[in-house]
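Colleague: I would like to go through the labels used here, one by one. Please set each value against its cut-off.

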Amino acid sequence: SVGMQLNSLAVVGDYAYAGDWFDNTFKTVDISDPSNPTLVSSLGEGIGSSFYQISDIEVKGNYAYMTVGNSASSGLQIVDISNPTEPKAVSLLKDGTDGARLASARGLAIQGNYAYIAALNDHALNIVDISDPVNPKHTAFLANGGAVNLSLPYDVAISGNYAYVASNGSDALEVIDIRNPFNPVHVSTLLDGAGGAFLDEPTAIFIQGKYAYITADQDDRVEI
C-alpha cells in the first residue's frame, strides 16, 4: 500500500505518479518490479505549492503537471521529476492569475507547449502556455454560455486541432477549436439523447483514432 486515498495516476517508464487526497501529497512509486511496487517519495505542500486534492496528472519530459484544489489554491501545479526520488515543486498557476478561471480544476490534457484544463466550478476550459514549466502563462479560456455547453466540465481530451470536453452539468460532449491558443472557439455540441447518445452526466473522456470514449455516470455506460 502506498496511499490512503489515491485519486489520480500517471505511469511513465518504471515509475507511477499518484495524488493522495488523504494527506494531500504527490507520491512516486517505483514499479520496475510489478510484484513489489515501492514508494520512493511523497511530496507535501509548501510555500508556493499545493497538492490539495490532486484530480489529474500528466507527465511531459522531466515534469509532472497536475490539477489541484477546490479553494483558493485551485490551479495547475508543476513538479520537476527529473530525479523521481526527489521531486521538486517548481511552479503553481493559481485560479485568477492572468485571468485564469481554474476554480476546482479537474481534467487535464497536454499537447505541445500547452495544457488544457477543465475547471469545474468556473464552468470553463482554460489554456496555459507551459513552454517554460517554471513560469506557466495563462493564455485564454472559453466559458459556459450561449452555444457553449461547459457546465461543470469534468474532463478534456485533445486530438489534432480540437479539444473534446466531457461536460457533466450540460450532459454533453463539447467540441472546441484550439488552433489559436489565445482564442478557443466553440465548434459543436453533442447533447444527451441526440442521435441516441447516452451522455447523462459524463465524467471522463479518452480519444483513440477517430473515436471518443466517454463515461456517462447516470447512464452507467461507456458511450462511443
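Colleague: Why does D23 count as partly exposed?

Modeller: This is a predicted model. In it, D23 has 37% relative accessibility. Buried means under 20% and exposed means over 50%. The value for D23 lies in between, so D23 is partly exposed.

Colleague: What makes the contact of K27 with D23 a salt bridge?

Modeller: The closest N and O atoms of K27 and D23 are 3.1 Å apart. The cut-off is within 4 Å, so the pair qualifies. Side chains of opposite charge can pair when their charged atoms come close.

Colleague: Which other salt bridge does K27 make, and how do you know?

Modeller: K27 also meets D20, with 3.2 Å from N to O. That is within 4 Å, so this pair is a salt bridge too.

Colleague: Are D20 and K27 buried or exposed, and how do you know?

Modeller: D20 has 2% relative accessibility. K27 has 4%. Each value is under 20%, so D20 and K27 both count as buried.

Colleague: What makes D177 and R179 a salt bridge?

Modeller: Their side chains meet at 2.5 Å, N to O. The limit is 4 Å, so the label holds. A search of the whole structure finds 3 salt bridges.

Colleague: Why do D177 and R179 get their accessibility labels?

Modeller: D177 has a relative accessible area of 12%, which is under 20%, so D177 is buried. R179 stands at 56%, which is over 50%, so R179 is exposed.

Colleague: Now the sheet. What is the order of its strands?

Modeller: The order is β17-β18-β19, in an open sheet of 3 strands with antiparallel pairing. Strands of a sheet pair through backbone hydrogen bonds, either parallel or antiparallel.

Colleague: Why do β17 and β19 stand at the edges?

Modeller: β17 (202-208) and β19 (221-223) each have a single partner strand, so one side of each has no neighbour in the sheet. From one strand to the next, the twist averages 25°.

Terms used: Residues are numbered from 1 along each chain as its sequence is written. This is a predicted model: local features need pLDDT of at least 70, side-chain atom pairs count only at pLDDT 80 or more; totals for chains, interfaces and linings use all residues. Side-chain values use heavy atoms; hydrogens and water are left out. Buried means under 20% relative accessible area, exposed over 50%, partly exposed in between (1.4 Å probe, protein chains only). Two strands pair if DSSP finds at least two bridges between them. Helices (H or I, at least four residues) and strands (E, at least two) are DSSP runs, numbered from the N terminus. Axes are lines fitted to C-alpha atoms, for helices over the stretch in contact, and angles run from 0 to 180 degrees between N-to-C directions.
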